[in-house]
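Me: I'm new to this one and would like to learn how to read it. Could we go through it feature by feature?

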Amino acid sequence: MRDVPEPSRRNLWIHWLVYPGHSLPTAAAPVLVAMGLAIHDHVFALLPAILGFIASLLIHIGGLVTDNYELLVRHRSVNEHPELVEALNKGTLTLAGLRYAIATCLGLAALTGPYLLHVAGSPVIVIGLLGMAGSLIYSAGPFPFGKYGLSDLHFFVMFGIFAPAAAYYVQFAAHHEPASYWQLLFHNMPLRAFVVGLPLGAIAVNILIIDDIRDREFDVAKGWRTGPVRFGLAWSRIEYVLMSAFIYIMPFWVWLRWGFDGWVLLPLLTLPFAAAIARTVWTEDAHDSLLPLTPMAAFLCLGYGALLAAGVAL
């Protein structure tokens, strides 16, 4: 059993629940790419983009807190996060407080709705509800995706397609007459808005693979059928390498297929950092060895996304 530290209430929330080293970079990267594409397409709108990011971040944090809430409710005996269990036993943390935090995150995200509804119409409501559902369904509800090994596809779609396209849409719609927002979404939005962020989806999958390899013993105890549990370490490591190859092939495809300038290859600058992370994933499987890789991979996502955004915009 790992030693259980006694964090303060503030550190408990920041480092074990909100987890800004993970949540902030992965929420920001898709929005940055959408902003870069919007600049390229002359439809950039700062306020809708910022509000979209705030909503995305809050929904993401709500999902992280939900994950820990479900762990404490359904699997408290599993020693995955002993710090949280100890805090719950001492009263530093309460289940009611976690429920309140989840509701607060989703409620604050909803406060961005009236303005975004004004500039982007009723599709914003559906986008927001889908985003909330997508964040919660990983660990909550009658069919949690994480439990049944469906999270790889889920993460790829949410971070690689849904989030960039949604952030682009609220900017795109702000520059058009509100005759039919649904027509704008399905008929006038450029196809590249749905595909330019695909590498970020692959990075999100790789972050999930790191976590699943690291936590595979806990997932066995919880009855979760993640990739490492069902197919073993070799399978997950091969998947990680394939995702990594996809991540660094995609800029060439975007460059050649969509006619962007060579600046779109800027994300290749992150390749040495990505290779260092991949080397550790391939050679290590101990919990403590893999623990630092999650924030490292999250900042890889941010750096890659920022460079892709710059390359698309230039």
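Predicted model: local features only at pLDDT ≥ 70, side-chain atom pairs only at ≥ 80, totals over all residues.

Me: How many aromatic pairs does a search of the whole structure find?

Reply: Rings of Phe, Tyr and Trp (its six-membered ring) pair if their centres lie within 6.5 Å; planes under 30 degrees apart count as stacked, over 60 as edge-to-face and the rest as tilted. Here the search finds eleven. One of them, Tyr138 with Trp224, is edge-to-face, with 5.7 Å centre to centre and 75 degrees between the planes. This pair links distant parts of the chain, 86 residues apart: Tyr138 is in the loop between H7 and H8, and Trp224 in the loop between helix H12 (216-222) and helix H13 (227-231). Helices are DSSP runs (H or I, at least four residues), numbered from the N terminus.

Me: Is Trp224 buried or exposed?

Reply: Buried means under 20% relative accessible area, exposed over 50%, and partly exposed in between (1.4 Å probe, protein chains only). Trp224 has 7%, so it is buried. Tyr138 counts as buried too, at 15%.

Me: Which residue lies over the face of Trp224?

Reply: A charge sits over a ring if NZ of Lys or CZ of Arg is within 6 Å of the ring centre and within 35 degrees of the ring normal. For Trp224 it's Lys222, at 4.2 Å from the ring centre. Arg257 lies over the face of Trp258, also at 4.2 Å from the ring centre.

Me: Where is Gln171, and what does it touch?

Reply: Contact means heavy atoms within 4.5 Å. Gln171 is found in helix H8 (residues 151-174), and it counts as buried because its relative accessibility is 0%. Leaving aside residues up to four places away in sequence, Gln171 touches Ala34, Met35, Ala38, Val43, Phe44, Ala45 and Ala49.

Me: And what do the buried residues of H4 pack against?

Reply: In helix H4 (residues 82-90), the buried ones are Pro82, Glu83, Leu84, Val85, Ala87 and Leu88. They pack against helix H1 (9-18), helix H3 (46-74) and helix H5 (95-110). Just after H4, Gly91 takes a positive phi of about 90 degrees.

Notes: Residues numbered from 1 in each chain as written. Heavy atoms only, no water. Helix = DSSP H or I, 4+ residues; strand = E, 2+ residues; numbered from the N terminus.
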